[in-house]
Amino acid sequence: GFYRSAYLEELDAILPTIQAVYDNEVVDEYASAYAAILAELDAIEANTNALVHILDGKYYQLTAYNDDKKAMTVATDGTGLLTATKKSSTSKAQRWIFEAAGGDNLYYIKNKATKTYLDVLESGKQATVQGTTPTVAYKLINLGNGVMAVQCQEGKSQSLNHNNGTVLGWS
């Protein structure tokens, strides 16, 4: 998972002091430095709002960073084209299943309605789904505060981008 940056501010604040204790070998402060960092890590872990989880086999709705009222939707007319349409809590065309692809934050992304996988992205071209067998993995890149980029791991590492209602490859 990924941690939201707002929940890491206290950890960021105490790290320089703890680093100085260890760098300067202030042995009599090792225990208190260890206790301070351990307490902060425990607090972060206990806060269920701090961690963003992506669970294998579960579905998610992908919304545009610049317009959270729209979600990535696959055309169900057989074209497989992706568009950004008004968010719907019931549309299976807006539900995306993340399947672990055997790497750090790597997933195959399958549409729940069509059961087809997100295809290779090309810069400036409309994104599509293609086939019922995954061919390309996507990496989730933490941008902070629960926002993630979805980056294709084949070709030129294109990312998904919402542009006037069309979902495009973007580099």
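Which residue in E5 is the bridge partner of Thr-63? It is Ala-71, and the close-up views below begin with that pairing. The model is predicted, so local features are described where pLDDT is at least 70 and side-chain atom pairs count only at pLDDT 80 or more, while totals for chains, interfaces and linings use all residues. Residues are numbered from 1 along each chain as its sequence is written, and side-chain values use heavy atoms, with hydrogens and water left out.

View 1. Strands (E, at least two residues) and helices (H or I, at least four) are DSSP runs numbered from the N terminus, and two strands are said to pair if DSSP finds at least two bridges between them.

**View 2. Ala-93 sits in the loop between strand E6 (82–86) and strand E7 (96–100).** Ala-93 is buried, because its relative accessible area is 9%; buried means under 20%, exposed over 50%, and partly exposed in between, with a 1.4 Å probe and protein chains only. Contact here means heavy atoms within 4.5 Å, and once neighbours within four places in sequence are left aside, Ala-93 is in contact with Met-72, Thr-73, Val-74, Thr-76, Asn-111 and Ala-113. Between the C-alpha atoms of Ala-93 and Leu-82, which are 11 residues apart along the chain, the separation is 9.6 Å.

**View 3. The largest nonpolar core contains 19 residues.** A nonpolar core is a set of buried Ala, Val, Leu, Ile, Met, Phe, Trp, Tyr and Cys residues joined through side-chain atoms within 4.5 Å. The residues with the most contacts inside this core are Val-74, Leu-82, Trp-96, Phe-98, Ile-109, Tyr-138 and Leu-140. The elements that give two or more residues to the core are E5, E7, strand E8 (106–111), strand E9 (138–144) and strand E10 (147–152). Apart from it lies another core, which has six residues, including Leu-11, Ile-18, Val-21 and Ile-44. In soluble globular proteins, nonpolar side chains tend to be buried together.

**View 4. Lys-110 and Glu-99 meet through their side chains in a salt bridge.** A salt bridge is a side-chain nitrogen of Lys or Arg within 4 Å of a carboxyl oxygen of Asp or Glu, and the structure holds one. The distance from N to O in the pair of Lys-110 and Glu-99 is 3.3 Å. This pair links distant parts of the chain, with Lys-110 in strand E8 and Glu-99 in strand E7, 11 residues apart. Lys-110 counts as buried at a relative accessible area of 18%, and Glu-99 is also buried, at 18% relative accessibility.

**View 5. Asp-56 lies in the loop between strand E2 (51–52) and strand E3 (59–60).** Asp-56 counts as exposed because its relative accessibility is 51%. Residues up to four places away in sequence not being counted, Asp-56 touches Phe-98, Glu-99 and Ala-100. Although Asp-56 and Glu-99 are 43 residues apart in sequence, they are 5.0 Å apart in space, C-alpha to C-alpha.

**View 6. Tyr-60, Phe-98 and Tyr-107 are linked by ring pairs into a cluster.** Rings of Phe, Tyr and Trp (its six-membered ring) pair if their centres lie within 6.5 Å, and planes under 30 degrees apart count as stacked, over 60 as edge-to-face and the rest as tilted. A search of the whole structure finds three aromatic pairs. The rings of Tyr-22 and Tyr-30 form a stacked pair, because their centres are 4.6 Å apart and their planes are at 20 degrees. Tyr-22 is partly exposed at 35% relative accessibility, and Tyr-30 is partly exposed at 28%. The rings of Tyr-60 and Phe-98, by contrast, have centres 5.3 Å apart and planes at 85 degrees, so this pair is edge-to-face. Tyr-60 lies in strand E3 and Phe-98 in strand E7, so the pair ties together parts that are 38 residues apart in sequence. Tyr-60 counts as partly exposed at 21% relative accessibility, whereas Phe-98 is buried at 2%.
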